[in-house]
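Work through these exercises with the sequence and the model open. Try each task before reading its solution.

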Amino acid sequence: MTSRPAAGGGRWVEVDPARVGRWVEGFADRHGPHTTTAREYGLLLTAADGTTAELYAPPGAPASVDVPLFVASAIAPRRVGLLLARKGAVAIGVADGADLVVSKVDTRYVQGRTAAGGWSQHRFARRRDNQAKAALGDAADLAVRLLLPEAARLTAVVCGGDRRAVDTVLADRRLSPLVPLRAERLLDVPEPRHAVLVSAVAAARAVRIRLRDPAPD
């Protein structure tokens with residue numbers, strides 16, 4: 001389980017689907033009995049002391065009206081596409097439940113920034129932009145080859161890395177069938193490597209919970 005501050009207040013907690021039931025029991029032990037309300041994103045738990053927990057269903061999981069159904073839905077295996085892109089690196093995969101069944105990582109050189117000024121700086125910047133565009137073009141080709149044939153079987157496409165790079169890849173018209181499947185959340189990942197792709201499977205399956213303390217009197 002991981003925890004970090006949430007923009008706008010509260011904190012995010014990420015919980016493995018198999019542990020969500022126990023987490024909810026612990027929430028009740030710490031904050032008292034709670035009411036459960038179905039929301040578009042998942043469930044809202046409101047405890048007796050005013051603490052709230054927003055349980056966000058994992059990408060591709062159907063809506064639920066109570067905690068047992070939410071847990072069962074979160075645990076159920078789903079086929080999810082993964083697209084991680086950052087600078088000149090891309091990692092693409094397909095996860096069936098917790099297993100990564102398709103994977104490919106590609107790295108293409110993209111020149112770093114230069115301290116040179118004047119025309120040299122402009123020349124390096126153009127070269128760098130061209131290298132980045134070529135790398136993202138290769139990434140789109142790879143997504144066409146690996147993800148597009150799976151589109152009808154995927155419940156979601158989870159992306160990670162640099163949002164602009166991901167947006168550029170998915171802007172390829174050939175990948176339009178994947179756009180409606182794209183999950184809202186963008187995974188925060190380092191430069192895509194195979195190990196990063198493997199870790200992204202667990203991150204894509206995790207239940208995100210936003211905890212908010214009671215409002216002060």
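**Exercise 1.** Sort the lining of the largest pocket into nonpolar, polar and charged residues.

*Solution.* The lining divides into 15 nonpolar, four polar and five charged residues. Here Ala, Val, Leu, Ile, Met, Phe, Trp, Tyr, Cys and Pro count as nonpolar, Asp, Glu, Lys and Arg as charged, and the others, Gly among them, as polar. This is a predicted model: local features need pLDDT of at least 70, side-chain atom pairs count only at pLDDT 80 or more, and totals for chains, interfaces and linings use all residues. Residues are numbered from 1 along each chain as its sequence is written, and side-chain values use heavy atoms, without hydrogens and water.

**Exercise 2.** Which residues are the closest to the centre of the largest pocket?

*Solution.* Start with the 24 lining residues; Y41, Y56, A57, P59 and E184 are the closest to the centre. (A pocket is an open set of points on a 1 Å grid over the protein atoms alone, where a 1.4 Å probe fits, with protein on both sides within 12 Å along at least five of seven lines; lining residues have an atom within 4 Å of a point.)

**Exercise 3.** Where does the largest pocket lie relative to domain 1 and domain 2?

*Solution.* Take domain 1 (2–77 + 206–212) and domain 2 (79–203). Their bounds come from an automatic or database domain assignment. Both give residues to the lining, so the pocket lies between them.

**Exercise 4.** Which residues does L178 touch, not counting those up to four places away in sequence?

*Solution.* Contact means heavy atoms within 4.5 Å. L178 touches L147, L148, A151, L154 and V157.
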